[in-house]
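Student: I would like to understand what lies behind the labels used for this structure, so please set each value against its definition as we go along.

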Amino acid sequence: MHLKTLTLRGFKSFASATTLRLEPGITCVVGPNGSGKSNVVDALSWVMGEQGAKSLRGGAMADVIFAGTSSRPPLGRAEVSLTIDNADGALPIEYSEVTISRTLFRNGGSEYAINGASCRLLDIQDLLSDSGLGREMHVIVGQGRLDAVLQATAEERRGFIEEAAGVLKHRKRKDKALRK
Ligand code: ATP
Ligand code: MG
């Protein structure tokens with residue numbers, strides 16, 4: 001499994017549709033301060049289901065929508081699509097290529113899709129959760145996050161291990177069921 005393409009449309013500083021092609025191996029994103037490198041990483045977390053505005057370095061979820069510049073008006077929606085090569089079947093779905101997408105409208109509405117078919121956020125989280133990818137994945141270590149990992153409490157550390165072992169999904173479902 002590897003990430004193939006990431007397309008951003010109206011996400012943070014990426015007002016125009018921008019597609020990044022990723023090859024197996026190492027990809028480096030280079031650029032001056034403030035040019036949008038971390039926004040690319042935010043887009044990856046977001047399309048995989050991140051729900052915390054703070055984790056995306058914003059105050060509210062709508063902050064991921066292009067807010068406009070002196071020369072360009074704000075946009076009404078942010079859209080990110082991620083295509084994953086699934087030839088090895090690491091994702092539990094019968095497709096050798098999987099595209100997940102997420103759209104947020106300024107009025108608050110959201111849309112999620114797997115290979116173009118509309119779905120729920122939970123479906124995307126479930127699809128990714130045993131693959132080492134996903135919302136709380138610690139395979140994405142953002143700027144300044146390394147310290148947080150090193151200074152984790154025993155309980156947080158247990159969470160990392162549960163996630164890596166693929167049991168977090170079941171614990172979340174159990175917690176949700178118990179709340180009902
Ligand atoms: P550094 O090297 O300092 O870490 P970076 O390349 O990681 O920089 P980012 O943090 O990805 O930079 O990008 C910050 C830029 O994104 C800022 O100029 C900010 O104004 C812009 N930005 C963030 N959110 C939005 C938004 N919703 N609309 C428009 N621009 C945005
Ligand atoms: Mg950065």
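Tutor: At 1.5 Å a residue, the 12 residues of helix 5 (residues 168-179) should span 16 Å, and its end C-alpha atoms are 16 Å apart, which agrees. The expected span is 1.5 Å times one less than the number of residues, and helices (H or I, at least four residues) and strands (E, at least two) are DSSP runs, numbered from the N terminus. This is a predicted model, in which local features need pLDDT of at least 70 and side-chain atom pairs count only at pLDDT 80 or more, while totals for chains, interfaces and linings use all residues. Residues are numbered from 1 along each chain as its sequence is written, and chains are lettered from A and ligands numbered from 1 in the order in which they are written.

Student: What makes helix 5 hardly covered?

Tutor: A residue is buried if 20 or more other C-beta atoms lie within 10 Å of its own, exposed if 12 or fewer, and partly exposed in between, with C-beta atoms placed from the backbone. The count of buried residues among the 12 residues of helix 5 is zero.

Student: Why is L44 called buried?

Tutor: L44, which is found in helix 1, has 20 other C-beta atoms within 10 Å, and because 20 or more is the cut-off, the residue is buried. Leaving aside its neighbours within four places in sequence, L44 is in contact (C-beta atoms, placed from the backbone, within 7 Å) with L6, L82 and I140.

Student: What makes the phi of R57 and of N115 worth a remark?

Tutor: Most residues other than glycine have a negative phi. Phi of R57, however, is near 65°, and N115 has a positive phi of about 45° although it is not a glycine.

Student: Which residues is N115 in contact with, neighbours within four places in sequence left aside?

Tutor: N115 is in contact with Y95, V98 and T99. N115 and Y95 are 20 residues apart in sequence and 8.9 Å apart in space, C-alpha to C-alpha.

Student: What makes a set of residues a nonpolar core, and which members touch the most others in the largest one?

Tutor: A nonpolar core is a set of buried Ala, Val, Leu, Ile, Met, Phe, Trp, Tyr and Cys residues joined through C-beta atoms within 7 Å. Of the 27 residues in the largest such core, A43, V47 and V80 touch the most other members. Strand 1 (2-9), helix 1 (37-47), strand 3 (77-85), strand 4 (97-105) and helix 2 (121-129) each supply at least two residues of this core, and helix 1 gives the most, with five residues.

Student: How do you know which residues lie around ligand 1, and which come nearest?

Tutor: A residue is near a molecule if its C-beta atom, placed from the backbone, lies within 6 Å of it. Of the 15 residues around ligand 1, N33, K37, S38, N39 and A67 come nearest.

Methods: Two residues are in contact if their C-beta atoms, placed from the backbone, lie within 7 Å.
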